[in-house]
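Here's a quick briefing to read with the model open beside you. Take a look at it first, then work through the points below.

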Amino acid sequence: MHIQELVAVLEAQHIAGGHNANIKKLVFDSRKATGSDDELFIALKGLHHDGHQFLAQAHATGIRNFLLSSKADLPESNQIIVPNTLTALQSLASKHRLQHTYPVVGITGSNAKTIVKEWLSTLLSQKWQVVKSPKSYNSQLGVPLSVWEMNDQHEIAVFEAGISASGEMQNLQQVIRPTMGIFTNIGEAHAAGFANQAQKSREKALLFSTAENVIYRYSHHIVGDALTYHQHPATSWDIHCPEAAINFEVQGSTYRCTYQGKSLKLNIRWTNAWDIENLLHAVVAAWLLGESPEEIQRGIDSLKPVPMRLELKRGRNHTHILDDTYNNDLQGLSTALDYLKQQPAQKQRTVILSDILQSGKEPTALYQEVNTLLKNHEISRLIGVGSALQKHQHLFEIPSTTYSTVDDLLRATPHFGQETILVKGARDFGLEKVVRYLEEKSHGTVLEVNFESIQHNLSVYRQYLQPGTKLMVMVKAFAYGVGTEEIANLLQYHQVDYLGVAYLDEAIALRESGIQLPIMIMNVSWEHFELLSTFRLEPEIYSLSMLKHYLEVCPDPMPIHLKIETGMNRLGFEYEELSEVITLLKANPSIKVAGVFTHFSSADSQEEDGYTQQQGERFEKACQLLSNALNYAPLRYAVNSAGIIRWPQYHFDMVRLGIGLYGFDSSGSTQALRPISTLKTRISQIKKLPAGATVGYSRKGKITQPSEIATIAIGYADGYSRLFGNGNAYVLINGQKAYTIGNVCMDMTMVDVTGLNVKAGDEVIVFGEDPSIADLARWSQTIPYEILTNVSQRVKRVFVSE
Ligand SMILES: *Cc1c(COP(=O)(O)O)cnc(C)c1O
């Protein structure tokens, strides 16, 4: 869309930049801009970010087209000024939608929108060129961005739409204007924004006002009622249910139905009822859209019953691996490359890619497009696997090597180091072998960390802050046992203000992995002071002798943080020492006090609120004294996670978030946090034991009736305390509790699985949703902090993004 046209559609004020660009790409995060002249930067106002604050950065990347809600100083740029940039974006997308006349499927419902969208897209791509929402783009922002992807090469579109409050669906309807709908189901999710389920259902059904047909499952009566209420034309389906318009008869793995004189017979090997429901939504839609049973079957056979996700793993030799070996289409590649770009810029970025199958594009055009994507994402080298990539290697303008198979690639034992490697390929190519080659740890026990949950917890805490209050996040002790580098990188991406660590080596590791944020260190050993400037690190100074030593050995000192003792009685200056501190500071004007802080001993405990208040008052008094003496105002900060929630009057200029980010609410006052990590292992072996047998060291596990005992691959060397032994803890296997039996060993533990119908190789949840870290803490008489930080470094970390 040309700028002039855009201005006309939006009826906006235009400050011309002297060129009429043709806008193809919408950018709302300056870090994702490439600076080409077909990009439009949209400054969106969110809860905590305002895109208008990043205009200079966007301009610096080369962007010269801006959609803004107020005029800015941006030389040589087109500025389009509108009252609300999100509404404007929706209008643009809506206009863009109307330029395309091919079928558009809109999917809504409480659950499973993304998976139904993904599966339907795979089924449809057997016959047509499909455009679909990236990831779970189903919001007021995600939907217009998805619809913007539509172009003339596509033949069919699949978009999902989600709402959390009354009144939102009309906007999304205007943007998507589906010609066919799928209403997946109605559950309890997001119930808060609605009066009741029927009302929620009717609101969601507003998506379908232009749809010629809406597909739903007959037994979801609330859905059917809502469609009837709006008089939307609809087609129901169900299993063994003659009342449904399309009734599947199932025998073993064979699914049959007839509808309007046509019949469909499919082979579906899956058994999980939930997967089957989601799959049949997609099957019915594809069939009614005109796909043949053969094409649908081919699509089903290529599906994977696991949601699409990206996994970030640590590789050997300071590498990170972004494991995306499930599918390989252009859009998925583009999503994965965006994600790769969020990794630290210091590291080289390598892409290992297989041939892209079934793109429907002519190979030269396809790989030219891949080349452009790789170049725009600043990829340093490409390693290609497959004959098509071999044949088209000359199209790539970045250094590249190609192999015809994965085995050829592995035989060449390529060297990797200090880089982030995206491994992406169609399933048939077996690129998971490459991942195994690159991985640092092959131990079967994994701490799986969910990046979305961390982001969620971060936003929960941000909601407690006044605008302008800064946020320091504590990433000490390997980020509470989770993984310092990965967490810090995520936090840098989400623009927290400071990181806090306990020791110098933790901070240096952060700098070496490309973290630029200010870092405060609580306990620097005095012999290492000179390294602080080298790595731009700000120390906590807690005593007069420490301050003097710092002044002595650091000619060019980094700003410091003064720790004030107010009642924790651990580290810090007494009030009485501050006058001498002031004298020293005045005599050494080169040193700057970046912050003044204290730590409350009992911010989480109601019984000690009087004491906390006393600490707060002492701190205020100390701050007063210091800021009167210095002629500038250092950042004042005092509270930890519990204090953020319980002590808003003591937020001062900054807060220190710790355990809350990692999913545990130490204040006991919010249910909103999500567990961020799941410790998983596997069953190594199962033994059938008769009454009278014993299990493990010292014969502590006594068998009183015939039992099945599973050995699982985790022990106290992994951080699974011996206190969990002898029935004091359970693990979850296929959703069932299995209690420990006998003593926990160094590398293994035995659990009782009698009657649970489990087998060797099954996954075992040690902690996560259930049992939670709080459960494990209770069972071993400690606190969740210790459960988290105890997970040994030998356990593999995998960071998941959905
Ligand atoms: C660890 C730590 C925090 C974070 O505490 P949480 O209870 O985990 O939020 C804050 N301040 C200091 C000084 C700490 O050592």
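Let's start at the ligand: one of its oxygen atoms sits 2.6 Å from an N or O atom in the side chain of Tyr-480. Distances like this are judged as polar contacts, meaning a pair of N or O atoms within 3.5 Å; within protein, one must be able to donate a hydrogen and the other to accept it, and residues adjacent in sequence count only if both atoms are side-chain atoms. Keep in mind that this is a predicted model, where local features need pLDDT of at least 70, side-chain atom pairs count only at pLDDT 80 or more, and totals for chains, interfaces and linings use all residues. Residues are numbered from 1 along each chain as its sequence is written, and side-chain values use heavy atoms, with hydrogens and water left out.

- Tyr-785 has a polar side-chain atom 2.6 Å from a ligand oxygen.
- On its own the ligand exposes 390 Å², and the protein buries 94% of that (areas come from the Shrake-Rupley method with a 1.4 Å probe; for residues, only the protein chains shown count as cover).
- Residues surrounding the ligand include Met-474, Lys-476, Arg-570 and His-599 (near means that a heavy atom of the residue lies within 4 Å).
- That shell has 5 nonpolar, 4 polar and 3 charged residues (Ala, Val, Leu, Ile, Met, Phe, Trp, Tyr, Cys and Pro count as nonpolar, Asp, Glu, Lys and Arg as charged, and the others, Gly among them, as polar).

**Binding-site entries from UniProt**
- An unreviewed UniProt entry lists Arg-570 and Met-746 under "binding site" (positions use the numbering here, feature names are shortened, and annotations may be inferred rather than shown by experiment).
- They span 177 residues in sequence and the farthest two C-alpha atoms are 34.2 Å apart, so they don't all gather at one spot.
- Arg-570 is in the loop between strand E26 (560-563) and helix H22 (578-587) (DSSP runs numbered from the N terminus: helices, H or I, have at least four residues and strands, E, at least two).
- Arg-570 counts as exposed because its relative accessibility is 52% (buried is under 20%, exposed over 50%, partly exposed in between, with a 1.4 Å probe and protein chains only).
- Met-746, at 44%, is partly exposed, and its place is the loop between strand E35 (736-739) and strand E36 (749-752).

**A buried strand residue**
- Phe-159 belongs to strand E8 (residues 156-160), and with 1% relative accessibility it counts as buried.
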